[in-house]
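Take a walk through this structure, one pairing at a time. Start with how terms are used, then look at the contacts.

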Amino acid sequence: MFPDARILDIDLTNQKISIKVLPSELYRQYPGGSMLGLYLILKEMAVGIDPLSPENMLVFSVSPLTGLPVSGTSRIVVTTKSPLTGTIGDSQAGGFFPAYFKANGWDALVFRGKASEPVYLYIDGDSVTLKPAHHLWGKVTGDVEKMVKDELGDQHLEIAQIGPAGENLVNYACIINHCNRANGRNGTGAVMGSKNLKAIVLKKRNLARSFDQEGLSVLSRNIKNRIETNPAIAGLGQHGTNGDLDAFNELGFLPTKNWTTGWFPEGAEQITGTTMSETILVDRDTCYACAVRCKRVVEVPGKVDPLYGGPEYETAAALGSYCGITSLEVVSQANQLCNMYGLDTISCGGTIAFAMECFEKGLLSKETTRGLELNFGNHEVMLRLIEMIAKREGIGDLLAEGSARAAQEIGGEALEFTMSVKGQELPAHMPQFKPSVGLIYAVNPFGADHQSSEHDPFLTTGPETQERRWLAQLGVWKGYKDTYELDDEKVRFAFDTQCYFSILDTLGLCQFVWGPAWELYGPSDLISLCKAGIGWDTSLFELMRIGERRINMMRFFNAREGFSKADDNLPARLFKPFLDGPSKGVCLNKEVFSEALETYYQFAGWDTQTGNPTPATLRKLSLGWVLN
């Protein structure tokens, strides 16, 4: 049993709203997330369009599993052509908005064209209305949340919106829901702003019942025990994703001062999740139906409002150690500013860190920065830069382009300082410590991403651990004494878990809850969720094939936009030994990494000359239609 997909199609230029249906036999091949979005884009969007032009499509999509009363089932994906990278864009968020999007009866929402004036979309089931948004334009997310709820007389609405950064077409602007959950990467907020679309507003409606309630309840019945006996999951609830920051620093693999070192002895302890729990944490928030409660809520009276949540690990690193910032209060203020203005915290922090290194190396002058001293550790300047970027003021206008384009503008040595892949700034997981993650950074279709495959350390656990037993269900059998190897089996681990994570992204499942190693639910549980949730009698083989199909669709999109293996590069800095700290002397081996790339292309069935899918591989994955 598999449902049809109901798609809401909005022509902003002509203010036309229509409904389309994708029949179940097609929806089963492209069952949600960016896979469904990309199916629609490949069918309808022209090659070579400007990402910020009306011709770009912006697709929000969930899956048939979204909103089931089980942890980790409330995520929404935005798919578009990215203004930051020029590749396909994939951006995901959790919270309550995804579940209630599904509760309103929709599987995807497509925007095309551009409204002549600012608008927002109001959805109440099949009643869909475009409303004027002049009064909301220029406002930060918290103000818009209040204004829309008051305007519509409903304090329980769910709202996904852009802030001023999206309006000003910052290349890494994001889409914010609940004032603190972000479709963060690839600049999807800029695409939304280019369409004069301020927000999507949902009326809360009752969620659909599961196919087999008793079968589904089996997954939740022992949830307390699952959490208590899983140290990684229990740690997420206690200290959030930032609970690992101090451990990475102790190993010497916490990206610091624009990745010039992996060691932050003067500041790491002050910005950890443990410090947060002991000082400014006021609540542990969650997403729809999720028992993990990994979201942080912090408060600093007069400076940080709990409305805007609290820093994740990626944020604490990007706006902390990347920039040499030693104050948790300042990191929390920076996080709040990004959520208010609608900025991706990773790219924002990475771009500011790049600018700080350029300033310290003499490539940016005080004349260029209008008197600002962009030194590492300058708290006041970092906070000021975030606002300048969002408003495209002064040096912020250049930095709003992202570090890769800013480096091209500055020229010279600056090109060595951008820590990005395909134009997207690196997340805070160092390939020197996790080489298979580095491999996925390089080949990932939408730029460096840390949530597109499993991480190397889980192969260093014992053969009887949950991590190794679950990975064995994917055919990943080899263990390692440390994380540094990048042999053929490690490449296969990267590719196979990439395919698995790809199906999780397609089905809108949280990768802290559903996964192939340390997570709350494993591969066999995923099969049970599909069966009990919607009556989908599937198999791990079918799901892995779907995951692989999505990856190949993305690479095909990129290929037609002119991308190839020449774009599958990591920054040169990663191949140079660290000069200090516990990781002194460690680096990626260039020759080994190059060989691993070639092996990856062979495993994926891609042309080793171009790095793109071969016609035979596309046909194997039922994608022959893209060749026509």
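Buried means under 20% relative accessible area, exposed means over 50%, and partly exposed lies in between (1.4 Å probe, protein chains only). The model is predicted: local features need pLDDT of at least 70, side-chain atom pairs count only at pLDDT 80 or more, and totals for chains, interfaces and linings use all residues. Residues are numbered from 1 along each chain as its sequence is written, and side-chain values use heavy atoms, without hydrogens and water.

Now the salt bridges. The term means a side-chain nitrogen of Lys or Arg within 4 Å of a carboxyl oxygen of Asp or Glu. The whole structure holds 39 of them. One joins Arg550 to Asp90, at 3.0 Å from N to O. Arg550 sits in helix α22 (residues 540–560) and Asp90 in strand β5 (residues 88–93), so this pair ties together parts 460 residues apart in sequence. Helices (H or I, at least four residues) and strands (E, at least two) are DSSP runs, numbered from the N terminus. Both Arg550 and Asp90 are buried.

Helix α22 also supplies Glu548. Its side chain meets that of Lys620 in a salt bridge of 3.5 Å, N to O. Lys620 belongs to helix α24 (residues 615–620), 72 residues away from Glu548. Is Glu548 buried or exposed? Glu548 is buried, at 10% relative accessible area. Lys620 is partly exposed, at 44%.

A further salt bridge pairs Lys565 with Glu598, with the closest N and O atoms 2.7 Å apart. Lys565 is partly exposed, with a relative accessible area of 23%. Glu598 is partly exposed too, at 28%.
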